[in-house]
Amino acid sequence: MGCERCNGWMMPERRVGHSASDELILGVSWRCVNCGNVVDSVIIRNRAVRAVPAVPPA
Ligand SMILES: [Zn+2]
């Protein structure tokens, strides 16, 4: 996987936390060792399911 900005080497980082909407985040983000660009698994998911509505709040 190459950085989308500089095509540099991306290092996987395990990530556990909460998003701004208090959604539990369990996943892997990728950080470019070259320019520091971070590609988050949530960002990737949001891009992938843009056409599909998210789970509605209870
Ligand atoms: Zn980069």
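## Overall picture

Of the 58 residues of the protein, 3% count as buried, a residue being buried when 20 or more other C-beta atoms lie within 10 Å of its own, exposed when there are 12 or fewer, and partly exposed in between, with C-beta atoms placed from the backbone. This is a predicted model, in which local features need pLDDT of at least 70 and side-chain atom pairs count only at pLDDT 80 or more, while totals for chains, interfaces and linings use all residues. Residues are numbered from 1 along each chain as its sequence is written.

The protein holds one helix and three strands, and from the N terminus on these elements follow the order β-β-β-α; helices (H or I, at least four residues) and strands (E, at least two) are DSSP runs, numbered from the N terminus. Of the contacts with a separation of 6 or more, 32% join residues 24 or more positions apart, where a contact requires the C-beta atoms of two residues, placed from the backbone, to lie within 7 Å.

## Confidence

The mean pLDDT of the protein, that is, the predictor's confidence in each residue on a scale from 0 to 100, is 78, and 72% of the residues reach 70 or more. Confidence is highest in strand 3 (residues 38-39), with a mean of 87, and lowest in helix 1 (residues 41-48), where the mean is 63.

## Two residues of strand 1

Methionine 11 lies in strand 1 and counts as exposed because it has 11 C-beta neighbours inside 10 Å. When its neighbours within four places in sequence are left aside, methionine 11 is in contact with Trp30, Arg31 and Val33.

Not counting residues up to four places away in sequence, proline 12 touches Val28 and Trp30. From C-alpha to C-alpha, proline 12 is 9.5 Å from valine 39, a residue 27 places apart from it in sequence.

Asparagine 7 is found in the segment before strand 1, and it is exposed because 11 other C-beta atoms lie within 10 Å. The phi of asparagine 7 is near 65°, a positive value in a residue other than glycine. Most residues other than glycine have a negative phi.
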